[in-house]
Every structure is written in C-alpha cells, then in structure tokens.
Amino acid sequence: MSAPLHRELMLDRMLAADRAYDGRFITGVVSTGIYCLPSCRARKPKPENVVFHFTPGQARAAGLRACLRCRPDDFYADVHRDEARVEALMALIDASPAAVRNVRDLARLADVSPSKLHDLFRMHLHTTPVEWLARQRVAHAQRLLMTTARTAAEIAFDVGFESLSAFGEQFRRWSALTPHAYRRLPHTQAIRLTLPPGYPTAALLRDLGRDPASLTDRVDGQRYTAAVRLTSGAVVIQVDFTPGTATCTVLSPQSLEGLNWAELHGMLLRRLGLTTDPSRFEAHVTAASDLAPLLSGGHGLRTPLIADLFDGLLWAIVGQQVNFPFACTLRRRITERAGELVMDGLFAPPTPDAVLALTDADLVGLGLTRARAGYLRHAARQVVDGQLPLTALATGTATRAERTLLAQNGIGPWSAHYVMLRVFGFQDCVPLGDTALATALQRHFALPSRPDRAQTTELMARFAPYRSLATLHFWRHFQSTKETSHDHVPPARLHPRPSLPVAASG
C-alpha cells in the first residue's frame, strides 16, 4: 500500500526533486499560481507558499495552472514524449539493427541532436547510444547464428557492423564466447565462458553463497550449483571456475537436445555479472581523489543479477524490513512449498502460478505478515495477468520500469530501485533511504552524521551515470565492517513503506 503522504514527507521529496514520487502528489505554489511534479527542477518555492494536491484536476480547481517546465498534465496523461522517442528507436533497431550506421543516424531518426540523444539514453536506458547499439547488434547476431545457416561474416554485416574485427570484439565482450562457439552451443555438452581480465571470482562466489542453506543454489569452493527454470523446463547447472574461464554443465536428466542453450547462456551471463562492464565506472571514480578509495579491494566488481525475474520480485517483497537470516528462512519456506524439486535437494524457484496457488493464510503460516502475503499474491497475479510484464520491463526503459513497479502494492521507491538494480540490471539506480548505503557514505566522506535522502542524492550524484555499481561498492564496504548482515531499511519518518534489505536479495 502507499505510504501516508503527510506534509513533511511531501516537502522533503519536493526539495529533493524525487522522481519516484511523481504521480503520488502535485506541488502547488500559491505565490506563482502554478502546479508541478515533485521532480520539477525549477527553483524551489518557500515551504510557506506550497500547497499539495493529489491530482492535476484538484490543482486546477484551486486556481493553479500547469508548469511549462515539468508538464505535469503530460505526465498524468501518460504522454512521455522522450520516453516514446527512445522506445520507438528500440523497436526500430530490434526489427532492423542495420537500419542505422552510427549515433548520428539514431539522432536523426529521433529528431534530436546527438548530445540530446546521449542525455535521453542516460535517463531512459542508463547507457550510451554507442554501447546500446553494439549490444543490440550482438543480440540480433546471436539470434541469426542460432536460426540461420548464414556465415558469421555475413551476419556481421547484416546486423550493421562495418568490420569483422569490430564484430568479433563486441561479440566476445557481450557474449563471453566467439561467434563460432555460440553457434555450436546446441551441439556441445557445456558452455565455456571466457571471463574478462580481473574478473572477481571470489567476490562473486561470496555473493552467490550468502545463504549456505539455500534450496536453490550452493557454493562449494570454486563451484556454483543451482536449479534454474528455462522455457524447456527446470534444470540443475554446475559452474566450475578456473582462471579466466567459467564452465557450465547441465546435471539434471532433461534431454540436452531439447535444452534451450541460448536461453541458458543469457541466464548465465546475468547470474555471473557479465551483462555489465565496470571499466568506465572505475575510470570515473579513479579520476577523483576523494572517490578513488571506494575501489579499494574491489576492482572488477560486477553486479550478479538474480537469474529468475519473478524470484527477484519475490525477494523484493518477502525480504522487506526483516534481517537477512529471517529473509532467507522465508524464501526457503516458500521455495520448499511452491518451488519445483529438480534433483539433489535443489529446487527451481516458484512460478507466479505456484505462488497464487497458496492462500494468504498459507503464506502467513510460513512466516509472512498478512500485508506482505497480500502484496506477494497481488504481484503474482499481476505477472500472470500480464499487468506486470517482467521481461518487457527488464529489456525496456528504466523510466517505464520504475513507473510500473511503483504502481504495485507493497513496492515503494526503495524496493523499485532495488529490483531495477539487482534484477533488471539498470546501471544508474540509487535505493534512497537505504541505511547501509547512508552509513557507508558517512564513513567514506567522514560526515558528522548519516546523510538524509537529500544529502544522499547529492553525494551519489557524483557517481552518475554509474550509481548502481557505486551502491554495490558502498554496500561491500559496509558489510566488510560487520560480522553479520544487517537490515537495509529507510528511516520510518521519511518513508514508512516497506523496503528490501539488500542482503536479502538472491
């Protein structure tokens, strides 16, 4: 449910220009006679001149007119012009990646300047046009390698690469395989990924093995074993790490001929953090002497994403405002009750349908609060009904993902950004209100007290557009000073809605 929006909270979020609260209230300024979104970047009014409304209609009835800068009427009419521009480009390139040669072509199609296009991609996709275009071409090449008999050279030019060397370099960067090895996946017994230089195997395995009693995955030395759910069915995979290589084999008895190797490959890249490249973030941080210590002992750190999208959403709900051990206990209970036993005591995570088969009383009996049980079943119903299309959100714009998540019962701004960071993989997210992040910021910058939301926003702005990785590093520093995991909950005064402890994510 939405948090009670008392005046103190709304003033705080207005002064912070918090986009997460757009759509939850309207800021009216009686001295100028206008009304704005909370995120409006115009000069902030004096608190005594501010009144709050909950719809543009209420604001107009009070005699106010719409701000021409933030255009609240457009927002409430779901007219997001810049987002629509980006989504139109995405649809075009998905259909024909060779339709443009370069960023200038993209900008012309969007009817904006190259610099404006860069800003749009940073805001809506959390990446650059160059990087996004390369990844789309690689993804299209992967599909053609699996579904056609065309040569790799033909495919390289078909998807828009201007040289074979550029194609090979980008394909290896975003696939951890050569084009030939990728095409051979259905005819092999294992996926052998080439890990990038400096890959943090030890840090990754610590993350994957945070719950030693997990029913879905295990870490044993340099080996990671997990039950995962593919379109073709649930399987158990085993990943063995050696210097420079991660080798994935399938252990469960499902026929390898019917296995979707391309789907497994994509899931593996997500789980091993290979969908992001930390090099630009590290260069950005190293360039500032007061930021560089953040990388101490953490060079090469990547974000291991939760492999199953619904499992990540489940974590974001059951792990709210509880400590890490209990969050793990809740997840194990739900997994044992609603997951699918594959082999050797490992369960594939529950599906939305399996969660819906449980009643609120069932979930309360497993240890959830009644409210949280309702949130979880509601989210499962939304996924089943197509109202919460997780795959589309994960591959679409960050702005649409955030807006859609915030519309869900039980998901506030903190949880929405956590899902975007650890499940969808967006690169410029900050879970404002996170206690561990605020504590780590206080220590890093030697502040007299823990920063509030507005101060956190200001401090984290220095890490844009790589705030997801910065958050991960700050969490690492926080956890390295503790013997046990801690809750990551926002201050109740500013944000009463439940939020997810970072340590409770899978």
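Colleague: Which helix does Val423 lie in?

Modeller: Val423 lies in helix 21, residues 413–424. Helices here are DSSP runs of H or I with at least four residues, strands are runs of E with at least two, and both are numbered from the N terminus. Before going on, note that this is a predicted model, where local features need pLDDT of at least 70, side-chain atom pairs count only at pLDDT 80 or more, and totals for chains, interfaces and linings use all residues. Residues are numbered from 1 along each chain as its sequence is written, and side-chain values use heavy atoms, with hydrogens and water left out.

Colleague: Fine. Is Val423 buried or exposed?

Modeller: Buried means under 20% relative accessible area, exposed means over 50%, and partly exposed is in between, using a 1.4 Å probe and protein chains only. Val423 has a relative accessible area of 1%, so it counts as buried.

Colleague: And what is Val423 in contact with, beyond its sequence neighbours?

Modeller: Contact means heavy atoms within 4.5 Å. Setting aside neighbours within four places in sequence, Val423 is in contact with Arg270, Leu305, Ile306, Leu309, Gly312 and Tyr418.

Colleague: Can you do Thr456 the same way? Where is it found, and what does it touch?

Modeller: Thr456 is found in helix 23, residues 453–460. At 5% relative accessible area, Thr456 is buried. Not counting residues up to four places away in sequence, Thr456 touches Leu432, Leu437, Leu441 and Pro451.

Colleague: On to the rings. How many aromatic pairs are there?

Modeller: The general idea is that a pair of aromatic rings is described by the distance of the centres and the angle of the planes. Rings of Phe, Tyr and Trp (its six-membered ring) pair if their centres lie within 6.5 Å; planes under 30 degrees apart count as stacked, over 60 as edge-to-face and the rest as tilted. By this rule the count is twelve aromatic pairs. Take Phe75 and Tyr76: the ring centres are 5.7 Å apart and the planes sit at 70 degrees, so that pair is edge-to-face. Phe75 is buried at 19% relative accessible area, while Tyr76, at 28%, is partly exposed. Phe121 and Trp132 have ring centres 5.3 Å apart and planes at 70 degrees, so they are edge-to-face.

Colleague: Which helices hold Phe121 and Trp132?

Modeller: Phe121 lies in helix 6 (residues 114–124) and Trp132 in helix 7 (residues 129–147), so the pair ties together parts that are eleven residues apart in sequence. Both Phe121 and Trp132 are buried. Elsewhere, ring pairs link Phe161, Phe167, Phe171 and Tyr182 into a cluster.

Colleague: What do the buried residues of helix 6 pack against?

Modeller: In helix 6, the buried residues are Leu117, Leu120, Phe121, Arg122 and His124. They pack against helix 4 (81–95), helix 5 (103–110), helix 7 and helix 20 (398–406). Helix 6 is followed by His126, which has a positive phi, near 60 degrees.

Colleague: Zooming out, what does the secondary structure of the chain come to?

Modeller: It comes to 24 helices and eleven strands. The radius of gyration is 23 Å, close to the 23 Å that the globule rule gives for 506 residues, so the chain is as compact as a globular protein of that length. That radius is taken over C-alpha atoms, and the rule is 2.2 Å times the number of residues to the power 0.38. Buried residues make up 55% of the 506 residues.
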